[in-house]
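Open the model in your viewer and keep the selection tool ready. The tour goes stop by stop.

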Amino acid sequence: MTDRIPGTNAPAAAPLPPRGTFGLIVDRQFGVIFWGKLLSGIGVWIHAIVAAIVVFAATGSALWVGLVSVAQFIPQLFLSPLSGKWADRGNLAFQLVLGRLLCLAGSGFIAVWCWVDGDPQGYAGASIVLLGSFIVGLGFVVGGPAQQSIIPLLIRPGELGTAMGLNSLPMTLARVVGPAVGAAIAAQFSAAPAFTVAAISHLIFAVMLVVASLPHGIEHDDTADQDFSVRSALRHVGGDRTLFVLLMVVTAAGFASEPSMTLAPAFAEELGGGSHLVGQLTGAFGLGAALGYVAYSGASRGRPQQWVTQVGLVLMTLGTVGLALATHPLAALLLFGVVGSGFMIALTGATTLIQERVPALLRGRVMALWFMGFVGSRPLAASLDGWLADAFSLTVSLLVTAALLTVMLVCFRPGRLDFSDAARRGVRS
């Protein structure tokens, strides 16, 4: 029987066929998110690597380098639920623009300071970098949940897996380009032009978002008694063990990615390298993640997402153990690539399963919990990594991270979790 438009005898329009990678990245709306994330992601990583370099130069402390990540990501622990609730009420486009403007303000503040006063010196100068990084972190928390939850509104049925892979790819590519560019600018010139480039990238993305006229959010029935509380999202996650474990996988991936940032300056110094090696180590993680995207795209076509996710966790664990024992720059570069590859596979697989599983009316708040796990775990990871490296050694710090990944592997066993109804949870997949 031919489907009809409700209330009429007219036949319903046939659903448009799903698009591939190229079709999505040239789409007027999804493409803006993809290319804008790539551009601003490069700015984020320029900011992050230059902040790490100048803070380490100013203080000589891995712990203080870790505080850069703490400053950027601590807002996630407190404000993500509110931001997710805001997204569910239909403020996605505005949140995305506001988030970019806050990131612009944070990087721009440090840039102006450096143009006037030169590269930061001592703990006072490092504190200025922390303040600007905190403002950037506010931009992350305002725009982050909206950026994750808007994706299903921009795609057709059957495109979710491809879209989620593409949604993760810009930050992965940015992680390759951004650290190398940032380290090169800082080494060749100074921190001021590097932070300026980072600020300009956020400004361009904000303009792109305004021009794209993105949807505000899902439409709500004003007559319905809808619960927009954060508590309702927590109840939903608490009642779905599989969803809870998937969020823990995202948290573990974020936690275990932090050594590529916090420990890179100390790692480079121990291996006899300078600022260029810092960028190369962080960039190797990003390059590995880019290769992980290719591996994920191929593997996810023939195997369930949960098994692909488990492979990603295994790669992260083995790579981190290898890094703890590495004594040569080439070995460190290769192993950071392995960790990056596992990171991309695990994160994309887990995120796709979460998006498939979450009802549309809860998406913003649940993706805020995703954001709290992925980004909010990094202040703890940065502090712990830096403290362990200063108090003991890089080896101890990395082995602790590997131990935590091993615990996650024990918890995430696909055969013991229920994925049977994930595709029926109210998402266009």
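In which helix is the place of W387? Select helix 16, residues 377-391: W387 sits there. This is a predicted model, so treat each stop as a computed feature.

**Stop 1**

Is W387 buried or exposed, or in between? W387 is partly exposed, because its relative accessible area of 45% falls between the 20% and 50% cut-offs.

**Stop 2: the whole protein**

Zoom out and colour by secondary structure. The protein has 17 helices and zero strands. Its radius of gyration is 21 Å, close to the 22 Å that the globule rule gives for 429 residues, so the protein is as compact as a globular protein of that length. Along the principal axes, the C-alpha atoms fill a box of roughly 75 × 45 × 40 Å. Now colour by accessibility. Of the 429 residues, 57% count as buried.

**Stop 3: helix 14**

Select residues 329-357, which are helix 14. How many of the 29 residues of helix 14 are buried? The count is 23, and helix 14 is mostly covered.

**Stop 4: aromatic rings**

Show the aromatic side chains. The whole structure holds seven aromatic pairs. Go to F267 and F336. Their ring centres lie 5.7 Å apart with the planes at 65 degrees, so this pair is edge-to-face; the angle cut-off for that class is over 60. F267 belongs to helix 11 (residues 264-270) and F336 to helix 14, so the contact ties together parts that are 69 residues apart in sequence. Both F267 and F336 are buried.

Next, select F285, F343, W370 and F374. These residues form one aromatic cluster.

**Stop 5: salt bridges**

Where are the charged pairs? A search of the whole structure finds two salt bridges.

Start with R19 and D27. Their closest N and O atoms are 3.0 Å apart, and the pair forms a salt bridge. Is R19 buried or exposed? R19 is buried, because its relative accessible area is 17% and the cut-off is under 20%.

Then select R357 and D240. Their side chains meet in a salt bridge, 2.8 Å from N to O. This pair links distant parts of the chain: R357 is in helix 14, while D240 is in the loop between helix 8 (230-238) and helix 9 (241-257), 117 residues apart. Check the cover on each partner. R357 counts as buried, at 2% relative accessibility. D240 is buried too, with a relative accessible area of 7%.

**Stop 6**

Select residues 191-212. This is helix 7, and A198 is found in it. At 0% relative accessibility, A198 counts as buried. A198 and S107 are 91 residues apart in sequence, yet their C-alpha atoms are 6.3 Å apart in space.

Stay in helix 7 and pick F195. F195 is buried, with a relative accessible area of 0%.

Now move to S213, in the loop between helix 7 and helix 8. Display its backbone torsions. Phi of S213 is near 55 degrees, a positive value in a residue other than glycine.

**Stop 6: helix 13**

Finish on residues 305-325, helix 13, and pick V321 there. V321 is partly exposed, with a relative accessible area of 33%. Draw a line from V321 to I150. How far apart are V321 and I150 in space, C-alpha to C-alpha? The distance is 37 Å, for residues 171 apart in sequence.

How values were computed
Residues are numbered from 1 along each chain as its sequence is written. This is a predicted model: local features need pLDDT of at least 70, side-chain atom pairs count only at pLDDT 80 or more; totals for chains, interfaces and linings use all residues. Side-chain values use heavy atoms; hydrogens and water are left out. Helices (H or I, at least four residues) and strands (E, at least two) are DSSP runs, numbered from the N terminus. Buried means under 20% relative accessible area, exposed over 50%, partly exposed in between (1.4 Å probe, protein chains only). The expected span of a helix is 1.5 Å times one less than its number of residues. Rings of Phe, Tyr and Trp (its six-membered ring) pair if their centres lie within 6.5 Å; planes under 30 degrees apart count as stacked, over 60 as edge-to-face and the rest as tilted. A salt bridge is a side-chain nitrogen of Lys or Arg within 4 Å of a carboxyl oxygen of Asp or Glu. The radius of gyration is taken over C-alpha atoms; the globule rule is 2.2 Å times the number of residues to the power 0.38.
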